[in-house]
Amino acid sequence: MKRQKMTIEFDDNNSNKSNNNLFDLLSEEIVFAILDLLNTNPLDRKSFSLVCKSVYNLESKHRKTLKPLRQEHLPRILNRYPHISHLDLSLCPRINDNSLTVISNACKDSLRSIDLSRSRFFSYNGLMSLALNCKNLVDVDLSNATELRDAAAAAVAEAKNLERLWLGRCKLITDMGIGCIAVGCKKLRLISLKWCLGVTDLGVDLIAVKCKEIRSLDLSYLPITNKCLPSILKLQYLEDLAMEGCFGIDDDSLTALKHGCKSLKRLDMSSCQNISYVGLSSLISGAGGLEQLTLAYGCPVTPALANSLKNLSALQSVKLDGCMVTSAGLKALGNCLISLRELSLSKCLGVTDEGLSSLVTKHRELRKLDITCCRKITDASIAHISSSCGNLTSLRMESCTLVSREAFVLIGQRCQFLEELDLTDNEIDDEGLKSISRCSKLSSLKLGICLNISDEGLAYIGMHCSKLTELDLYRSAEITDAGILAIASGCHDLEMINMSYCRDITDSSLISLSKCARLNTFESRGCPLITSLGIAAIAVGCKQLTKLDIKKCHNIDDNGMLPLAHFSQNLRQITLSYSSVTDVGLLSLASISCLQNMTVLHLKGLTPSGLAAALLACGGLTKVKLHVAFKSLLPHPLFEHLEARGCVFEWRDKQFQAELDPKCWKLQLEDMIP
């Protein structure tokens, strides 16, 4: 490097140029191409932008998406980046009218999308400024704005080019506000009104009549009846309709319909207790292009239901989670559906070997299967699944407790295209893991509460599943440092690991994992042998860490917090309950500007004054969980100040409980399951 630098200086002297920077010679297209490759870590982009003035200026021109952490920084950030088209404010809980005015004046015609789904404190005035100044706005997410009223909806209606609008849980908006939007925003293609309890048939009818371009409509949990259905089904381009939990709609109202919606591709009728196959048949009549159907927690799965779906030749995804299922119903589904690629039977009562085996043998092109908590199936089902559905990419089978160890060997032998595999709370052992390690494309593997696996089996995964990004070992008690070392050595792209309550894990595991530079989620609660040394290694090596759970790690103290404060600048969520962190360690975390969520229960070294200082210093906090005892020990004005800043407090009065042996814990859990 030193020799190269000397050559550059020599060439500059020969050409009689002074202070020339090679980066200044790069074209705009080349710099933009480099910036496109630096999207994984925001710190990389920031570092590159500081190379020289020309790159610094080009980086501000190149950036189109912005996700700021604090609303007080908005004026400076928007001045730095004047060409923003998408502004995500989901990390800023306090966005007031002044903030929206600043945004509307700074972005104007460039802004096309804004996400306010986690923000509060703005009203009609701010939204009006946004709508009038940002003429090219097409996406607005106002989900969870529970205090907005019809005046705010009228302001949104001034955004004439709006195409997508999310109003989930805006419970105070009524038909009047929705009517304003329907009249003003005729280009709408998507609108979500989920949990807008003030919206009735009138408001929905106005949307359907005035907004002819609607493609996606979410009416879940609205107090609507059959009155608005004819207008909805006349929407010429409607492809996605969600009516989850619409209890006012029943079979009688649906059978009265003269026609269904021919353009529908996705339909969600989950938790519609008053709709059976009779009403469903009327709703989907003529919808030959339907591709995805969700009927979770709805009517029983019987031959009659299956028969109502027989004309849906394009149907690829069926989700029946929580439904009562009969073997005859599953057999009929197998016969009626010809293009099935995804099937979800999670928590369905009545799933047996007979019904499931019959279905899967007729659908060899199945790609995704969810049989979570289907507790009656045995090895016979797994044999049929693995022999018939060799192209599976996702298999979820948590708590299929009657499946023996031997059956898991079949999965690895026959389903080698798996990318996602959930085996939580099953009898799999090391031989099963050895077989599953043949699934070289595996990216997500969940092995929580698998008490028969050990380091030997995990070593096979580490050697052969190099694409693994997510690993869950929750309460898999036989796992030790050797198994984690094998994973860290072979799975360099690991992003998430949960080894909570693996009580033999020590700092050696954390030092091994510190080589996984992409690790962003680390959960090790209940690992008593881990100390601050291990946490320091994670902090130094895993700079993309965003979530850290070290609850009940009693040997982690302030010495572990100081490296986090220095190196983990992307950390957003931390759980410190029952650790040995004191006032000093907690206060040091204030230097992490991203930190938003903190849980601090039963910290013996934490004083009221230390906690108050830490809460004030951590300026980005949006959610804090504390023991109820602190509620009377801290001044009330402190809470008022922090809540005004956008922080929400959750109070817990949970007593300390001694940790059970993992096998005893599992036995207690099984006793609670009916």
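Is Ser 500 buried or exposed in this model? Hi everyone, let's start there. Ser 500 has 1% relative accessibility, so it counts as buried, where buried means under 20% relative accessible area, exposed over 50%, and partly exposed in between, using a 1.4 Å probe and protein chains only.

A quick word on the background. This is a predicted model, in which local features need pLDDT of at least 70, side-chain atom pairs count only at pLDDT 80 or more, and totals for chains, interfaces and linings use all residues. Residues are numbered from 1 along each chain as its sequence is written, and side-chain values use heavy atoms, with hydrogens and water left out.

Back to Ser 500. You'll find Ser 500 in the loop between strand S18 (496-498) and helix H22 (507-513); helices (H or I, at least four residues) and strands (E, at least two) are DSSP runs, numbered from the N terminus. The side chain of Ser 500 makes a polar contact of 2.8 Å with that of Asn 498. By polar contact I mean a pair of N or O atoms within 3.5 Å; within protein, one must be able to donate a hydrogen and the other to accept it, and residues adjacent in sequence count only if both atoms are side-chain atoms. Leaving aside residues up to four places away in sequence, Ser 500 touches Leu 473, Tyr 474, Arg 475, Glu 523, Ser 524, Arg 525 and Cys 527, with contact meaning heavy atoms within 4.5 Å.

Asn 144 is not a glycine, yet has a positive phi of about 70 degrees. Asn 144 sits in the loop between strand S4 (139-141) and helix H8 (150-156), and at 30% relative accessibility counts as partly exposed. Lys 552, also not a glycine, has a positive phi of about 65 degrees. Its relative accessibility is 15%, so Lys 552 counts as buried.
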